[in-house]
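Please look over the structure below. Then read the short report that follows.

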Amino acid sequence: MSDVPEHGAGTEPVRILAPDGSPVGDADVGLSPEELRALLRWMVLARRLDRECIALQRQGELTVYPGFEGQEAAQVGSAFALGQLDFVWPTFRELAAALVRGVDAVQYLQYHRGTWHGGPYDPRATRFGPICIPIATQLPHAAGYALGQRLDGTNAVTIAYFGDGSTSEGDFHEAANLAGVWRLPMVLFCQNNGWAISLPSSEQTAGEIWRRAEGYGFPGVRVDGNDVLAVHRATERALERARRGDGPTLIEAMTYRIGAHSTADDASRYRDDAEVEHARVTDPIMRFRNWLLATGIADDRFVMACDEEAETYALEVRAGVIATPAPPADWMFDWVYAAPPSSFERQRAEALG
Amino acid sequence: MAELTYRQAVAEGIAQEMERDPLVFLLGEDVADAGGAFKATVGLLERFGPERVRDTPISEEAIVGAAMGAAMTGLRPIAEIMFSDFLATCWDLIANQIAKTRYMTNGQISLPLVIRTANGAGSRFGAQHSQSLESWAMAVPGLKVVAPATPADAKGLLAGAIREPDPVIVFEHKSLYASKGEVPEGEHVEELGRALVRRAGEDVTIVALAAMVPRALDAAERLREEGVDAEVIDVRSLVPLDMSTIASSVAKTSRMFTVEENPRLCGWGAEIASIVAEGLFDDLDGPIVRITTPHVPLPAADELEDATVPSVERIVRAVLAAIG
Ligand SMILES: Cc1ncc(C[n+]2csc(CCOP(=O)(O)OP(=O)(O)O)c2C)c(N)n1
Ligand SMILES: [Mg+2]
């Protein structure tokens, strides 16, 4: 447990705000004061909802839920940079990014409530792809989607989220390589949260993830994933590059999984609490709020209003989730094929009596 | 006899073989500190150390590929694939490499390796985490395939698989991990390729596998109340397949039903049904009936999953309808 090198050892990530919120780089990332305040608002809403979801799972209203506490800046900062036509390929931990994209939280949470059938939300309408649990399989899809976007003649970009653990799958390599040789309009956005279930990222890969980009012939960058401004700027640059036709970028956002892998996991089996306490010092929300208050872009009233809105929002989502009905059993045959084969008639009679 | 859960029995089977043979080792995702995603390897790291209980990166191809390479050096790897659904991510290595190596090297290379994996429905994990894929593996020449239904078999068949000279896929069932049962004390090894009569009966033969075995047994109790005396056979091993146990039962009862969790097309029961139809046609008093999951992906919602996989009610209904 303890002989593991510290998470994020090696190259210092690009950073604009220090953990205490003081600026260490150019804080003008081209966002208006309203937009800057919106970043805080989204992070606060997302965290409050995340905690509500864990409570909902404990109360038996969700089956399994993978929390993202600690990763708000990585998700909000990147999703906020996207244009309307850009398309997101998520994993299973991108609820914060989904909210920023306008995905309805109650619909999204049907996935974790186990009441969905044939998809909890519409990926085409939301431009937010299906939740993907088979690790890294979304990455080749994202490459193909980026190709389609280019052939459509738009300048829309595909962003694919994945974790540190996902980079060990062959799919990561194959997708990144394809994106490189075809110069696809794609952003490969890795949230290195230090863990893949019980495996620390130092045992996942012996190198630094962002450096792999060089081998594929495109730029890689390591940013402080708990610094929403740095994340936003890195994503925006990668998007601009892709829109210009210059191809993909790999972003490694260094963040931390504060909670367990999911509500089904007990992290105390393999992780020291001290490590988590240490990580809390770099909390993304505290950092950005400090900076907003110090610069006067936000005041205490705004901060309080965010907290109050988050409270109401979480309760609304809770009520919506609890009210979601179970789908009827006879939907079982729906959407297996475009037109059900005639053999389904007999199978329906056998299964449903 | 000791009472163990199915998951404890898996860990005991691995431990028994690791004690016995220093060439046996375990590799897979989250198998060491975390004790396995389904807690079926708890305690092994503490007992055998990190050289023999190895956490891997999330790289299924590397897991089974390295198991193959290690087996070629004489080691006896046990590779864990967390969900059987993820076998699809490393199927080339299993179906094209591992299964065919003995054949393509004139028997010079033996691959005494085991792939353990969590199979089946019951956890509401949806279409990509709940499949019953034993019939995929059964369709590949060169692989052996077992699927234990009880804690005793979870240990015994696993130990038998580890001692096999051929690659074996052991399909553990997710919904059985918490089940309890008697496991013989001391060394316990089961030979592959033997079916078991779990309940003797005179009127009909019900052939089941893994999590469908307890359901078939419950159905047999219900059928008894209806005046039908059912014999329940646990197939246990699909390759090699013990047709003689099944055949003697069918010769006695003259009626056969299969209860299969896999989707209908080309499920394991189709193979058994064809062998019975071919060899025991004159013994049969009526058509063979397969009770299966319909040909649909596994849904996630409770109501849908429950209705999809054969239930006790459905088995009873199908048997009563067929015998009239
Ligand atoms: C192909 C495949 N292998 C294994 C798993 C089991 N699994 C689910 S999440 C996970 C860890 C993923 O780690 P990472 O990519 O770092 O993402 P994080 O969970 O940290 O967000 C694993 C191993 C899976 N879902 N799919
Ligand atoms: Mg991770």
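**Contacts along chain A**

Among contacts in chain A between residues at least 6 apart in sequence, what percentage join residues at least 24 apart? The figure is 78%. Keep in mind that this is a predicted model.

One pair shows such a link. A:Arg47 and A:Ile285 sit 238 residues apart along the chain. Their C-alpha atoms are separated by 9.0 Å. A:Ile285 is also in contact with A:Arg47.

**Overall form of chain A**

Chain A holds 14 helices and seven strands. Its radius of gyration is 21 Å, close to the 20 Å that the globule rule gives for 353 residues, so chain A is as compact as a globular protein of that length.

The C-alpha trace of chain A spans about 70 × 45 × 45 Å along its principal axes. Of the 353 residues in chain A, 52% are buried.

**A closer look at A:Arg47**

Where does A:Arg47 lie? It belongs to helix α1 of chain A, which covers residues 33–58.

Is A:Arg47 buried or exposed? It is buried, because 24 other C-beta atoms lie within 10 Å and the cut-off for a buried residue is 20 or more. Set aside the neighbours within four places in sequence. A:Arg47 is then in contact with A:Glu69, A:Glu72 and A:Ile285.

**Around ligand 1**

Ligand 1 lies between chains A and B. Two elements of chain A give two or more residues each to the shell around ligand 1: β2 (158–163) and β4 (195–196).

How many residues surround ligand 1? There are 22. The closest are A:Ile135, A:Gly163, A:Gly165, A:Ser166 and A:Ala196. By type, the shell around ligand 1 has ten nonpolar, seven polar and five charged residues.

**Where chains A and B meet**

How many residues does each chain bring to the contact? Chain A brings 35 residues, and chain B brings 29 residues. On the side of chain A that touches chain B, α8 (201–204) and α14 (343–352) each supply at least two residues.

The size of an interface is often given in another way, as the accessible area lost when the parts come together.

Technical notes
Residues numbered from 1 in each chain as written. Chains lettered and ligands numbered in written order. Predicted model: local features only at pLDDT ≥ 70, side-chain atom pairs only at ≥ 80, totals over all residues. Near = placed C-beta within 6 Å. Helix = DSSP H or I, 4+ residues; strand = E, 2+ residues; numbered from the N terminus. Nonpolar A, V, L, I, M, F, W, Y, C, P; charged D, E, K, R; others polar. Contact = placed C-beta atoms within 7 Å. Rg over C-alpha atoms; globule rule 2.2 N^0.38 Å. Buried ≥ 20, exposed ≤ 12 C-beta atoms within 10 Å, placed from the backbone.
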